[in-house]
Amino acid sequence: MWSVTGALTVAVPPTAAACRPKPFLVSSSFPKQTKKLHLSPPPLLLTSHFSSSFKSAATSVEQQSDKKGESTKYHFLVANAKFMLDEEEHFQEQLFERLRYYGEREIEQDFWLVIEPKFLDNFPKITQRLRRPAVALVSTNGPWITFMKLRLDRVLYDSFEATSLDEALASNPTTLEFDKPKNWVAPYPKYEPGWWDTFLHKVTQESVV
Amino acid sequence: MAAEMALVKPISKFTSPKLSNPSKYLSGRRFSTVIRMSATSSPPPPATATSKSKKGTKKEIQESLLTPRFYTTDFEEMEQLFNTEINKNLNEAEFVALLQEFKTDYNQTHFVRNKEFKEAADKLQGPLRQIFVEFLERSCTAEFSGFLLYKELGRRLKKTNPVVAEIFSLMSRDEARHAGFLNKGLSDFNLALDLGFLTKARKYTFFKPKFIFYATYLSEKIGYWRYITIYRHLKANPEFQCYPIFKYFENWCQDENRHGDFFSALMKAQPQFLNDWQAKLWSRFFCLSVYVTMYLNDCQRTDFYEGIGLNTKEFDMHVIIETNRTTARIFPAVLDVENPEFKRKLDRMVVSYEKLLAIGQTDDPSFVKTLKRIPLVASLASEILAAYLMPPVESGSVDFAEFEPNLVY
């Protein structure tokens, strides 16, 4: 995991420019196939209402493939960028841990960070309580977002449907710069700004054309 | 599970006098006599027999106020609390989400040793060797104590709440892994904790479920902050990387953090443990117990922290402040640990505690020792009480907190 972070900080100078999504970066590994993850068969002893929640979780994962025209449900948590990317350092560790795990199991990524997401326009009740710039954690895995809500706590939750990833994860260009903490007493340096680039959605070639 | 809650014991006995069946679990004997190795709290003796022989010399358990403890609880009350028939308001979504997260098992293949361990152990000589052994022992004991408690809860809750039960079982899987890994580390020093014996011989401290929640939540979260701080410090200062186990801490402590989240969900499922003035008093009490225990413990072991390049008190204050910030996401009140007065109080406690320990090591007759201890115990107690009474910080999960409507995210 540290090698990932390390490589990132070398490749990406910690400037504000690095925080923007890179529209021309083409990802070759974009949705091809979806593997069912972590939901090995539901536990035998689940009571009836628990098992129904489980089924819906499994369904939301299965829906992940980018079939044209079919809409997928995206769950998100949102808060101001400072909280999400600068203050909650364990959040960085969790995302890299999950990415490492997906890599080990060859699972297609189903979670992203979105800086100033366009979908927020549809959630006035959220935006009126939100400091900007805002950052959202978006995933097709509903239960995981529920877990992340439990962890982060100071975030707002909602969900929406979208027909493509590009649509779901569209964002407004924003510059992120965080003030250095006034009183940094930890016996280690802060995580380098820009770590979040790894988790931003890279727009697919098709939609760039 | 970390060890930082030992101080709680005598006081909890005081507050729940009726509940005194600590040895209910696993037919534990109340008064243990010998054990292969001790998990001592007093400063490590300069050189003992433990590091010499393969089998180790059997020593008396040197339990003291700050020794890592084993915990047991009222399993019937636990069954009631999480019975979905009785308690219809349980937030199943959170538990289902947690179950998925634990089943994911991020660290299934993480705890694999390599030859670096033995080489590093052989290089550790002199006083530092003994300090490392003690660190491994204490950590192993603490993890193992988590294993026992979670395993039993997993077994007992199977019928009334299979989801919660399975999460407990998966957490005991993590704890067993951690304990086993630490114990293998000890084998490089030609030592081993006899965990089977430990299970039977150690005293069990009884906590009502409510207190198990507060205590284990804090224990897991402070464990996370300790491990990640050591990891990140050594990452930045590799010249102090004298033992390979620290390289495993980054992934390892994510387990601790998740365990804490689970207790957070358990408490949210039982809002009566979070939403009244008593809950606030207990929250502050447990925070204080855990922080003070860690601070006093670590200040007796500065050699260990300095050995890996840390300033013990600064390390502890960082861990306390971060743990307190994390805890403020769930406990209805926390301590104002960022007030410099809090640290000054901790430092004065260390002074009294060190004098107390010093009296124990003199050759004075026991009544003289007792007399000498009285003023020190009094000053320690009054300092603890004063810290407890410092104006607290209102806190809590946004799902409950009164301040939530005014919160800007």
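This is a predicted model: local features need pLDDT of at least 70, side-chain atom pairs count only at pLDDT 80 or more; totals for chains, interfaces and linings use all residues.
Student: How many helices and strands does chain B have?
Tutor: Let's start with the overall picture of this chain. Of the 409 residues of chain B, 61% count as buried. As for its elements, chain B has six strands and 14 helices.

Student: Among contacts in chain B between residues at least 6 apart in sequence, what percentage join residues at least 24 apart?
Tutor: A contact here means heavy atoms within 4.5 Å. Counting the pairs in chain B at least 6 apart in sequence, the share that joins residues at least 24 apart is 84%.

Student: How much area do chain B and chain A bury between them?
Tutor: The contact takes 52 residues from chain A and 57 residues from chain B. Carbon and sulfur atoms carry 55% of the buried area. Between them, the two chains bury about 4,700 Å².

Student: Which three residues supply more than any other three of the area that chain B buries against chain A?
Tutor: Look on the chain B side of the contact. Three residues there supply 19% of the area that chain B buries against chain A. They are B:Gln100, B:Arg232 and B:Tyr409.

Student: How many salt bridges does the rule find across the interface of chain B and chain A?
Tutor: In general, side chains of opposite charge can pair when their charged atoms come close. One such pair is B:Glu404 with A:Arg129, whose closest N and O atoms are 3.3 Å apart. Across the interface of the two chains, the number of salt bridges found is seven.

Student: Which helix gives the most to the side of chain B that touches chain A?
Tutor: Between the two chains, 25 residue pairs are in polar contact. On the side of chain B that touches chain A, α3 (92-104), α6 (162-187), α8 (209-236) and α9 (249-268) of chain B each supply at least two residues. The helix that gives the most, with 11 residues, is α3(B).

Student: Is A:Arg100 buried or exposed?
Tutor: A:Arg100 and A:Glu104 lie four residues apart in helix α4 (residues 89-105) of chain A, about one turn of the helix. Their side chains meet in a salt bridge at 3.0 Å, N to O. A:Glu104 counts as partly exposed, because its relative accessibility is 41%. Buried means under 20% relative accessible area, and A:Arg100, at 16% relative accessibility, counts as buried.

Student: Is B:Lys115 buried or exposed?
Tutor: The side chain of B:Lys115 meets that of B:Glu119 in a salt bridge (3.8 Å, N to O). B:Glu119 counts as partly exposed at 40% relative accessibility. With a relative accessible area of 64%, B:Lys115 is exposed.

Student: How many residues apart in sequence are the parts that B:Asp261 and B:Lys221 tie together?
Tutor: B:Asp261 and B:Lys221 form a salt bridge, with their closest N and O atoms 2.7 Å apart. B:Asp261 lies in helix α9 of chain B and B:Lys221 in helix α8 of chain B, so the pair ties together parts whose separation in sequence is 40 residues.

Student: How many residues of helix α6 (residues 142-152) of chain A are buried?
Tutor: The buried residues of α6(A) include A:Trp144, A:Ile145 and A:Phe147. A:Asp153, which follows α6(A), has a positive phi, near 60 degrees. Helix α6 of chain A is mostly covered, and the number of its 11 residues that are buried is 10.

How values were computed. Residues are numbered from 1 along each chain as its sequence is written. Chains are lettered from A and ligands numbered from 1 in the order in which they are written. Side-chain values use heavy atoms; hydrogens and water are left out. Buried means under 20% relative accessible area, exposed over 50%, partly exposed in between (1.4 Å probe, protein chains only). Buried area is the accessible area (1.4 Å probe) that two parts lose on being put together, summed over both. A salt bridge is a side-chain nitrogen of Lys or Arg within 4 Å of a carboxyl oxygen of Asp or Glu. A polar contact is a pair of N or O atoms within 3.5 Å; within protein, one must be able to donate a hydrogen and the other to accept it, and residues adjacent in sequence count only if both atoms are side-chain atoms.
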